[in-house]
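Subject: Structure handover

Hello,

Here is the structure I said I would pass on. My notes on it follow below.

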Amino acid sequence: MSTTEETKALVTVRGLTKHFPVRGASFGKPAQAVRAVEDVSLTVAPGEVLGVVGESGSGKSTVGRLMLRLVEPTAGEVIFDGQNLGALGPTALRKFRRHMQMIFQDPFASLNSRMTVGDALMEPLKLHLGLKGRDAEDQAVALLEKVGLSTDHAKRYPRAFSGGQRQRIAIARALASSPRFIVADEPVSALDVSVQADVLNLMQNLQQELGLALLFISHDLSVVEVITDRVMVLYLGRVMEVARTEDLYDNPAHPYTAALLQAAPGYTGESRQILGGEIPSPIAPPSGCVFRTRCPFAIAECAQTIPILRELSAGHYKACIRDDITL
Amino acid sequence: MPQRDTSLAPAQHVLSVVDLKTHFFTDAGVIKAVNGVTLSVDEGETLAIVGESGSGKSVTGLTVMRLLGRTTAKVVGGSIHFRGRNEENTDLLALSEKAMSRIRGHDIAMIFQDPMSSLNPVFTVGDQVAESLRVHKGLSKRGARLQAIELLRQVGISEPEKRVDAYPHELSGGMRQRVMIAVALACDPRLLIADEPTTALDVTIQAQIIDLLRKLQKELRMALIFVTHDLKLVKQIADHVAVMYASQVVEEGPVDQVLANPRHPYTRALLDCIPSRRDGDGNRRTLKPIPGTMPNPLSPPDGCRFHARCAYAQPECVAIEPELQVVEGKHVTRCIRWQELAL
């Protein structure tokens with residue numbers, strides 16, 4: 001990423017890497033690791049929505065968790081508004097968390113079933129903002145209204161709500177501490193299409209109204225196109241392509257991006273090439289370009305070196321050595 | 001207004017479901033999960049049943065397979081006729097459990113969303129494909145194994161000679177779904193019911209499985225019922241589509257006609273919820289969610305089930321329970337205003 005992007009950024013990620021050790025390795029064998037994320041660098045500007053797409057096992061969720069320091073990186077750093085998160089001690093980190101929140105996929109699992117919605121919303125208000133009693137209650141109600149629910153919902157338990165309503169509550173809870181950055185990991189994937197549209201609109205409106213920076217992780221390319229400003233494509237823990245959303249969808253430069261777009265059920269273009277095979281094991285990723293084993297354009301050189309992420313045009317980067325192919 | 005002619009001899013279709021009613025008798029009351037569904041599918045044809053959670057689409061499939069537990073679920077009306085290999089027309093609801101189990105997995109097969117829970121974890125995939133061949137086709141152990149390897153090859157599993165001895169947990173989600181398809185196809189069924197078979201898979205793998213299903217269907221001339229929540233997939237795989245809402249079919253017809261010229265406000269609304277490409281100027285399309293929620297299945301609304309969420313509802317929509325009406329040819333809709341609405 002260029003330095004000008006970094007100076008504008010709210011969140012800057014440099015060389016982020018995460019290897020999970022594999023348990024159960026027997027004696028005498030070398031210790032193995034799942035290489036979930038390899039050398040990922042990115043920036044998110046204030047008020048910007050960055051999409052992260054890729055198949056299962058591409059490392060997109062791990063990137064989100066690393067950025068909030070919910071898991072410790074093997075290497076690399078995350079800088080939030082000038083503050084290196086890795087340098088924060090446990091207490092300082094806990095305090096710092098009010099600036100960055102997360103929304104999960106499954107609203108049935110992410111809310112405490114024994115806590116009323118009002119209490120669930122007041123908890124972060126008390127913890128992060130120090131609100132008490134009446135103030136906290138008023139603020140909780142204000143949050144509910146912000147996400148399209150009403151005062152009398154506060155006394156109910158999560159089980160009384162539908163999936164879409166629960167996701168609204170999860171959003172309200174994420175907003176409680178007035179964060180500036182939210183990681184949303186597949187926030188609409190568990191919802192029916194009609195409800196999905198509703199929650200997406202809500203997220204988009206709130207994001208714009210509050211000027212939130214958002215990392216939007218999804219496997220659904222059509223959803224990502226609607227809500228994001230820029231998109232990053234991951235494969236086997238590595239960045240394949242980054243571009244402004246229109247650029248990426250109109251002119252994908254990496255064969256993997258093109259393959260993903262063509263596999264989407266709504267694809268209408270003429271040349272539809274179905275990608276064969278499956279994502280390889282992250283324990284022993286292919287040498288050179290990790291995508292080469294499934295890439296229809298792979299040549300011998302692709303196995304030699306790991307392609308660097310190069311800028312093709314302003315803000316459009318790809319990690320592929322071949323410029324002589326038409327996608 | 002012309003109403004749909006359901007008197008057509010059911011014998012002409014591979015499967016013909018007429019006015020099916022499957023109700024669940026729960027402590028809280030009666031849930032009419034499927035309430036008057038009429039569907040048919042012919043040889044070599046794909047019918048997609050599309051709807052949101054709770055629309056009754058899966059229960060319809062399970063009723064045809066007679067896989068619903070007898071404790072709470074009951075078929076209280078309608079008929080399901082199936083034309084088997086010998087061209088004999090059978091009323092599936094009248095069959096004994098034993099006779100049904102001969103048809104199930106042999107003449108009619110089903111695949112589900114989650115292949116991990118439908119495959120048995122303690123048997124190899126080869127055993128599971130072979131089991132069906134031994135039970136229904138009476139093949140020897142050796143013969144069944146060889147046939148199983150052939151089937152695994154047919155569904156696109158590489159090195160089937162090795163994979164035949166693998167256990168389900170050793171395979172990826174896409175591979176497991178291929179194994180499920182191999183199990184389903186083992187006896188060369190006339191009808192395959194696929195209930196959200198690609199929902200748990202990545203898009204690239206989904207595209208592979210859809211491609212495979214289409215190819216196999218063409219080769220084997222099966223009738224295919226594809227249950228899904230995804231209208232975009234319907235376009236790719238189906239000839240006919242039935243849109244279900246709150247236990248009823250609200251619109252049905254050839255895919256091209258229904259999707260290009262929907263004649264029910266719910267179908268239109270579903271299409272409008274789908275995020276699509278930006279317009280020519282690069283502007284984001286705003287999504288139009290459907291207001292409100294699915295009606296409570298214990299007490300569905302009077303009149304048209306969709307009236308409370310419908311932008312075009314009028315007083316008569318609450319008063320009259322609409323019947324399916326013919327739009328054109330095989331295209332039918334359950335909306336009394338279909339002729340006047342510009343959807």
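Helices and strands here are DSSP runs, numbered from the N terminus: a helix is H or I over at least four residues, a strand is E over at least two. This is a predicted model, in which local features need pLDDT of at least 70 and side-chain atom pairs count only at pLDDT 80 or more, while totals for chains, interfaces and linings use all residues. Residues are numbered from 1 along each chain as its sequence is written, and chains are lettered from A and ligands numbered from 1 in the order in which they are written.

Chain B

Chain B comes to 12 helices and 12 strands. Its C-alpha trace spans about 65 × 55 × 40 Å along the principal axes.

Of the 343 residues of chain B, 47% count as buried. A residue is buried if 20 or more other C-beta atoms lie within 10 Å of its own, exposed if 12 or fewer, and partly exposed in between, with C-beta atoms placed from the backbone.

Helix H1 (residues 57-65) of chain B is mostly covered, with eight of its nine residues buried. Among them are B:Lys57, B:Thr60 and B:Leu62. B:Arg66 follows H1(B) and has a positive phi, near 55°.

Helix H4 (residues 125-137) of chain B has 13 residues and reaches 18 Å from its first C-alpha to its last, close to the 18 Å expected at 1.5 Å a residue; the expected span is 1.5 Å times one less than the number of residues. Its buried residues include B:Val125, B:Val129 and B:Leu133. The buried residues of H4(B) pack against helices H5 (141-154), H6 (160-163) and H7 (173-185) of chain B, where contact means C-beta atoms, placed from the backbone, within 7 Å. Just after H4(B), B:Gly138 takes a positive phi of about 65°.

Where the chains meet

The contact takes 32 residues from chain B and 27 residues from chain A. On the side of chain B that touches chain A, helices H8 (203-220), H9 (231-237) and H11 (265-273) each supply at least two residues. The largest share of that side, seven residues, comes from H8(B).

Chain A

Eight strands of chain A form an open sheet with mixed pairing, in the order E6-E7-E8-E3-E9-E10-E12-E11; two strands pair if DSSP finds at least two bridges between them. Strands E6 (100-103) and E11 (310-313) of chain A stand at the edges with a single partner strand each, so one side of each is left without a neighbour in the sheet. Strands E10 (residues 238-244) and E12 (residues 316-318) of chain A pair in the antiparallel sense over two bridges, and A:Lys318 in E12(A) is the bridge partner of A:Glu241.

A:Val224 lies in helix H8 (residues 221-227) of chain A. Is A:Val224 buried or exposed? A:Val224 is buried, with 23 other C-beta atoms within 10 Å. A:Val224 touches A:Gly51, A:Val53, A:Phe216, A:Ser218 and A:Val231, not counting residues up to four places away in sequence. A:Val224 and A:Gly51 are 173 residues apart in sequence and 6.1 Å apart in space, C-alpha to C-alpha.

Regards

Key: Two residues are in contact if their C-beta atoms, placed from the backbone, lie within 7 Å.
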